Amino acid sequence: MTSTNPMPPPAAQPAQAAPDATPQWVVPLSDVLVDEETERAVAEVIRSGWWSMGPQVQAFEEEFARFLQVEHAFAVANGTAALHLALLAVGCGAGDDVLVPSLNFVAAANTIGHVGATPVFCDIEGPDRLNVSPDELEAAVGPATRAIVVMHYGGHPCRMDAIREVARRHGLIVIEDAAHAPGASWRDRMCGTIGDIGCFSFFSNKNLPTGEGGMIVTDDPALAERVRLLRSHGMTTLTWDRHRGHAHSYDVVAQGFNYRLDEVRAAIGRVQLRRLPANNAARGAIVAQYRADLSAVSGLEMPFAPDPNSRASHHLAVVLLPPGVDRDTFRGSLAAEGVQTSVHYPPIHGFSFYADRARRRPLPVTEAVADRLVTLPLYPHMRDIDREAVSAAVKRAVAESGVSVGEEPSWS
Ligand SMILES: Cc1ncc(COP(=O)(O)O)c(C=O)c1O
């Protein structure tokens, strides 16, 4: 058939990856378990027709608070929103300095900037403990210091008693970025509940994944009230309260946000929370096996040897490559075998945005480890055969690097 108004031939299109061309890793960095219980929880919410601000969010908050043994828990849209609300709730703002590790995800620094405060980057303890150093925090305190945002790296608790002592001496607020640490504890206190206010992320790669999501916890009723208001537009009552006849109208008493979680993700979160202790234990067992597998790789270190003071949630399996091994080549070798790796994290002080928007202490430890960090695959249902494949690939890649670092690893 001919057309009286023929369309011009389509312009040549750049080659586009088909949706199924996503790299199919033999062993991915992280993985979520897709199962019937989760599907059922989601389907029930969908069928209920009540998708926002309802019984699932309320139950998730109550169950999370009970799990952490904390007074108040507020489900939020994501972990970054949790940090933003926490900083606002404690009153951080223009003119304030906030101490934060540079070896960190960028969300903490970004949110410190969003409230008008200045991040002050602090160093970590050492290659064996990648958490912020309490001594460095002490040395970083200045007249404008208002708060500390600690991050429990990889789910390994910071030395919270020493950090609280620094905060007490200088009248500082402690915000815990516990994105990696649901279910972790320091001397029998759950991470997130040891400082003034704690923040969690439920991003898909986290220990408690809901897709996107987060939680803020605190024992302080005044902070809780600020979070409650700011999370939902500064409104004094919520749709859910009004639906249940608990209120008929509302006032607006703060310039808040919509940082709420929805019912579908809260339902997924409740399923994940029930599994969290077993999943964290499974992660810990896999990390112990990695440690045994890799103990003979000369010069390769695995930080965070088991610590009697703490229970880790084992969010990440991180190694430090032997000095001199090129990380890109190493990661390329693993990728060629289908093993996905990552880097947690490129230090924030190295990002161009932060070149002149932050202050920093000298960061010799962070800088010494930064180029050696590699994160290996880890998820609770990882099979032995997959972990063994990763360990074998690591050994091969280090051997192929030709770097020789002596016979005994420093951490065995
Ligand atoms: C340590 C840390 N803090 C904060 C966040 C931010 O969480 P979200 O991605 O849920 O906003 C993340 C997430 O990747 C994180 O790893």
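1. The model is predicted, and local features are reported only at pLDDT of at least 70, with side-chain atom pairs counted only at pLDDT 80 or more, while totals for chains, interfaces and linings use all residues. Residues are numbered from 1 along each chain as its sequence is written, and side-chain values use heavy atoms, with hydrogens and water left out.

2. The ligand is surrounded by 14 residues, the closest being Gly79, Thr80, Asp177, Ser201 and Lys206; a residue counts as near if one of its heavy atoms lies within 4 Å of the molecule. Six of the shell residues are nonpolar, six polar and two charged, where Ala, Val, Leu, Ile, Met, Phe, Trp, Tyr, Cys and Pro count as nonpolar, Asp, Glu, Lys and Arg as charged, and the others, Gly among them, as polar. Helix 3 (residues 79-89) gives the largest share of this shell, three residues; helices (H or I, at least four residues) and strands (E, at least two) are DSSP runs, numbered from the N terminus.

3. An oxygen atom of the ligand lies 2.5 Å from an N or O atom in the side chain of threonine 80, and an oxygen atom of the ligand is 2.7 Å from a polar backbone atom of glycine 79. A nitrogen atom of the ligand, in turn, is 2.7 Å from an N or O atom in the side chain of aspartate 177. Of the 390 Å² of accessible area that the ligand has on its own, the protein covers 91%, with areas taken from the Shrake-Rupley method with a 1.4 Å probe.

4. The ligand sits in the second largest pocket, in the sense that more than half of its atoms lie within 2 Å of the grid points of that pocket. On a 1 Å grid over the protein atoms alone, a pocket is an open set of points with protein on both sides within 12 Å along at least five of seven lines, a cavity is a set where a 1.4 Å probe fits but cannot get out, and lining residues have an atom within 4 Å of a point. The second largest pocket has a volume of about 330 Å³, a volume being the space filled by probe spheres set on the points, which are joined across faces, edges and corners. Its lining has 23 residues, with Phe105, Ala179, Ser201, Phe203 and Lys206 nearest the centre, and helix 3, helix 4 (107-114) and strand 10 (197-201) each supply at least two of the lining residues.

5. The largest pocket holds about 460 Å³ of space and is lined by 25 residues, of which Glu61, Phe74, Arg228, Arg231 and Leu238 lie nearest its centre. Helix 2 (55-68), strand 1 (72-76), helix 7 (221-231) and helix 8 (239-243) are the elements that give two or more residues to this lining, and helix 2 gives the most, with five. By class, the lining divides into eleven nonpolar, five polar and nine charged residues.

6. The structure holds one cavity of 30 Å³ or more, and the largest cavity has a volume of about 70 Å³. Among the residues that line it are Tyr153, His156, Arg291, Met302 and Phe304, and the lining as a whole has eight nonpolar, two polar and one charged residues.

7. Two backbone details deserve a look. Most residues other than glycine have a negative phi, and most peptide bonds are trans. The peptide bond from histidine 344 to tyrosine 345 is cis, with omega near 5°, and tyrosine 345 is in the loop between helix 10 (327-336) and strand 14 (359-360). Aspartate 188, although not a glycine, has a positive phi of about 70°, and its place is in the loop between strand 8 (185-186) and strand 9 (189-190).

Definitions and conventions: Polar contact = N/O pair within 3.5 Å; in protein donor to acceptor, adjacent residues only side chain to side chain.
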